[in-house]
Amino acid sequence: MKLFGSKPPLSAWIGLTIMAVYVLVAVLAPWIAPFSESESVAGTWDPPSATSWLGTDNIGRDLLSRLIYGARMTIAVALATTVLSFLIGTTAGFLAAVGGRAVDLLLSRFVDVMLSIPLLIFALIILSVFGSSIPVLVLTIAALDSTRVFRLARAVAMNITVTEFVEVARLRGEGLWWVMRREILPNAMPPLIAEFGLRYCFNFLFVAGLSFLGLGIQPPLADWGGMVRDNAQAITFGLMAPIWPAIAIAVMTIGVNLVVDWFLSINSRPSGAMAEM
Amino acid sequence: MADELLRIDDLRITSVSGNVLVDGVSLTLKSGEVLGLIGESGAGKSTIGLSSMVYARAGCHIDGGRIGLGGVSLRELPVEGRRAVRGVRIAYIAQSAAASFNPAHTLMDQVCEMPIRHGLMKRAQARAWALELFRALDLPDPDHFGERYPHQVSGGQLQRAMTAMAMSCRPQILVLDEPTTALDVTTQIEVLALLKKLIRDYKMAALYITHDLAVVAQVADRIMVLRKGKMVELGETEQILHQPKEKYTADLVAERAAGEHFAVPSIAATGQAVLTVEHAIGAYGDVVCLHDVSISVGRGQTVAVVGESGSGKSTLARLVCGLLPRKSGDVRLHGQSLAPALKDRTREELRQVQLIYQLPDVALNPRQTIGEIIGRPVSFYFNAAPAEVAARVDELLTLVGLPTDYATRLSTALSGGQKQRICIARALAAKPDLIICDEPTSALDPLVADDILRLLKKLQDELGVAYLFITHDLGIVRRIAHRTAVMLRGALVIEGPTQAVFSPPFHPYTEKLIASVPELRTDWLESVLAHRNAAPAVVV
Amino acid sequence: MLKIIFGRLALGVLTLLAVSVLIFAATEVLPGDVASAVLGQGATPETLAVFRKELGLDRPATTRYLEWFWGAVRGDLGVSMTNKRPILEEVAPRFRNTMFLASFAALIAVPLAVGLGIVSAINEGKLVDRTANVLTLMTISVPEFFIAYVLILVFAVQLDWFPSLATVNSDMGLLEKLYVAALPAVTLTLLVTAHMLRMTRASVLSVMSQPYIEMAFLKGMRRTRVIIKHALPNAAGPIITVVALNLAYLIVGVVVIEVVFVYPGIGQLMVDAVSKRDLPVVQACGLIFAGAFIVLNTLADILAILVNPRLRHPR
């Protein structure tokens, strides 16, 4: 079967399947989870049983249910963040490429300074002032992440802007908006889509990391990073409680990465390392 | 045969995606002989050249055939044996010198690398030989030239250095892959002479790969014509040029010969000129690149602007379009002055001057359908309804000789010639009075270029559109231009009716330009060199 | 070339200044008021006024910024809001600890990653390369705390080879410190190596597809020689940039690792300060992290300039 004009290898199929399963679980959570996300069903860190397939967490809630509900929160927040970051970053990046030197200089210098502060550090600073509600979280990470997207979008748009067909549009007298939307955007899609996948993974891990540090998604909302944090102590008893949500995070990211890898490989050339002699 | 050096039998090379790049080609090369490989792009000439060293680029695979050097089958040798042949017995000279040198090492290191690493010479000996080669190749300051890095020397010097590198092991065979294609005509002649002398003095055999029939006629003893990986014809140079047996060969010869005669009657400009450029000065920042240029184009006329690279011809086009705002002077369209910068011009002014580019691949948006590309100027300039636009698109496609069902297709899968036709259709969609053609046929194969030229001429006759035709090819100028302007380093050297410019008495630069274009006779190079014997060689 | 280097240094200093303004602005010069943001909705006007007075928030922003920055340059980072101690006292030993951990990891990771990255690129498409690709992909796909906990589970709990809490203090000898910090260092190493390997591989592959590499093969040079003498000298610049970029990433990765292993470093200090909303400490830590980041990036750019043959031998 062909997708995007080429046959996906096994790894890409695995990735696509993983992504599909996760999305399904997130959407159908209320119907497939055995319990709700905040009810106590047994004692602390009870081992797996017939009712509670993965056992319970640090205050007796069913791990499996929390895992399923956690999918919604973690995936949705990461998705919202990435979409927002992309909208900001791509628009700004394209503007910098076509809007002339002054606009470019202003935007680029500003972004350069923002990029000089590590993402985590900057996020921590902002969160320390505004707190960690969901809107603040999404807005902050989106704003910071958009700088990385800006860099790529600008580079891609610059390459396209210097082509003759864009010059043709300019010579015709087309406006800036038309050039960005009809000439540049369609040609920028492949690298942007790949980058979307990569940024999604990054944001996904980032939100989980923040939640793990206690600064991300706040309880009692179920999310995987927070679940790792809550159940961290269990590791000293050799229990798998904090490992399950961590595995859930890992598998999602691997899945998306596999698909992105395949997407990128469609367009690559063999290098000189493989010449026949 | 006794002194048969290289013998390739039934060579077959395919790409990993299954395309056949070379299909059953056989050739022999005797010691001291030069064999020219000629053909259009995609003919497989470079691939064959590389295969003589049993080398295939990534993505290609030598499927079948025998490659014999001095009787030994190279394909059957182990890896070490094949490696020992490269550079030592067969050396490769690439098209681009800048791409062949490693920016991190000195020229001397790279020139001496082969003999030292192959165990043929010790370092001191290799250096001495390199110095001798530098002198033989007329390089400046030969004793210290080798200490420089590739980015510190000029393009022409780098090319000579590449030749020295190829000669460092005194190979028996040289594979020359389009060695003069990237050079200006005036430089080309020096390099051609040098190569011919080297081959003769060192008694080497050579495979000379090119797409220019006139160039290969100067150096080759025999010529092989290739097309899409298959051999079309093989024969002595004189026979190929004057009595070609195959139609394809005859077409190639005819196309090249056509540029040697005048075809267009020079007509005087009638009525008001479409475009008038008066004393225009153009500059990038502080650097002036156009000095006081004045030129005019009449209705339905073709005015050619010729010059070598750096002459400013493309800059002139950009100045007229408004992409490079002029510093002073005037540009008038139908008598009305145009604003210097593009953004200050009206839509109507922009409509009347259209541009066609050299590389059709990058001039078309790969994500738009052909109908969208051609239709946009119609809807943009004339506010036409969609039905009207579609009808006009069909009309234009027919006008340029393309089927109307192309309107829904993307342009990416089409050939160079077809893409250029789409560019022409797009330009015509605006119903312009003037089309600026910036080397529209330079990137196309000769036979395809011929078609495009005929099309442009036909369109001019039918629609009365004027052309400002920028080119470096004098053959094209003679065929289609009513008037010609010659440019050198940003200034206009001479301007007038084509026949007058190209007939004596010549302006010295025009004379030089004309003399540097190879003609389709084998003794051309000798006669030009004999003519120049008094003057010292121009070293680049 | 010296001119370019000085230019880059100047840019680094300017960036540091700009970043300090940004950090200061992010914490103290915001729409809405810091006091109500920190104290919450329920704060009374009196408590808000006291808070503002205490932090000196009633003075103009520029004065506060200059005071803060000038103090920071001289080593006075202010006083912590939670325990009222000078921040410098808290930060200095922790900074040393973090540097120790980061250097420990870097010393192992850099040679490992660059070496394997080059080997991977040379053997593009073969088993070695594909295995490395899969392993590194898995490593960068998992959150840092996952690797940390798996390592703790295996090496600390089940095998009991290493302690699961990495509490170092200044009285420990070097060997003991190395032992206690081993697990966190290994975790960090794994993370950074994976990223660095992939990026090194990409850089070397990009050099390998240059035309002068093909020319070297056509000259009959051996594969090893082409790689070592022709490809690597040109890959040096990009690889240096990759290493510096990842060392900068190391600084960030250290934060989560310190929390997992309860390692007394500056990362853990910052996380605590953020949850306690101790703004002066957050500002100070932010400035230090950003400063280290900028220093590393500047160093990388300068090294890349020094290695570039076009800049070393101008026309």
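The legends below describe close-up views of a predicted model.

**View 1. Chain B as a whole.**
Chain B contains 22 helices and 20 strands. Its radius of gyration is 26 Å, close to the 24 Å that the globule rule gives for 540 residues, so chain B is as compact as a globular protein of that length. Of the 540 residues, 45% count as buried. Among contacts in chain B with a separation of 6 or more, 69% are between residues 24 or more positions apart.

**View 2. Confidence along chain B.**
The mean pLDDT of chain B is 88, and 97% of the residues in this chain reach 70 or more. Confidence is highest in strand 17 of chain B, at 95, and lowest in helix 22 (residues 524-532) of chain B, at a mean of 81. Where pLDDT is low, the predicted coordinates should not be read in detail.

**View 3. The open sheet of four strands in chain B.**
This open sheet has 4 strands in the order 2-1-4-5, and the pairing is antiparallel. Strand 2 and strand 5 (72-73) of chain B stand at the edges; each has a single partner strand, so one side of each is left without a neighbour in the sheet. Strand 1 (residues 4-15) and strand 2 (residues 20-30) of chain B are joined by 8 bridges in the antiparallel sense.

**View 4. The open sheet of six strands in chain B.**
Here 6 strands of chain B form an open sheet with mixed pairing, in the order 6-7-8-3-9-10. The edges are strand 6 (90-93) and strand 10 (230-236) of chain B, each with a single partner strand, so one side of each is left without a neighbour in the sheet. From one strand to the next, the twist averages 15°. Helix 7 (residues 155-167) of chain B packs on the sheet and touches strand 6 and strand 7 (173-177) of chain B. The direction of this helix makes about 170° with that of strand 6 of chain B. Strand 9 (residues 222-227) and strand 10 of chain B run antiparallel and are joined by 6 bridges. Within this pair, Val225(B) has Glu233(B) in strand 10 as its bridge partner.

**View 5. Strand 16 of chain B and its parallel partner.**
Strand 16 and strand 17 (residues 434-438) of chain B run parallel, with 4 bridges between them. The bridge partner of Gln354(B) in strand 17 is Ile435(B). From strand 16 (residues 353-356), Val353(B) and Leu355(B) point one way, while Gln354(B) and Ile356(B) point the other way. All of these residues are buried.

Val207(A) lies in helix 7 (residues 176-212) of chain A. With 26 other C-beta atoms within 10 Å, Val207(A) is buried, because a residue counts as buried when 20 or more such atoms lie within that distance. Val207(A) touches Thr74(A), Val77(A), Ala78(A), Ile141(A), Gly216(A) and Gly225(A), leaving aside residues up to four places away in sequence. Val207(A) and Thr81(A) are 126 residues apart along the chain, and their C-alpha atoms are separated by 9.5 Å.

**View 6. The contact between chain B and chain A.**
This contact takes 24 residues from chain B and 18 residues from chain A. On the side of chain B that touches chain A, the elements that give two or more residues are strand 4 (60-69), helix 2 (79-85), helix 13 (347-352), helix 14 (360-363) and helix 15 (370-382) of chain B. By class, this side has 17 nonpolar, 3 polar and 4 charged residues.

**View 7. The contact between chain C and chain A.**
In this view, 52 residues of chain C are in contact with 39 residues of chain A. Helix 7 (residues 144-158) of chain C gives the largest share of the side of chain C that touches chain A, with 8 residues. This side of chain C has 39 nonpolar, 9 polar and 4 charged residues.

How values were computed
Residues numbered from 1 in each chain as written. Chains lettered and ligands numbered in written order. Predicted model: local features only at pLDDT ≥ 70, side-chain atom pairs only at ≥ 80, totals over all residues. Contact = placed C-beta atoms within 7 Å. Nonpolar A, V, L, I, M, F, W, Y, C, P; charged D, E, K, R; others polar. Buried ≥ 20, exposed ≤ 12 C-beta atoms within 10 Å, placed from the backbone. Pairing = 2+ DSSP bridges. Rg over C-alpha atoms; globule rule 2.2 N^0.38 Å. Axes fitted to C-alpha atoms, helices over the stretch in contact; angles between N-to-C directions. pLDDT = per-residue confidence, 0-100.
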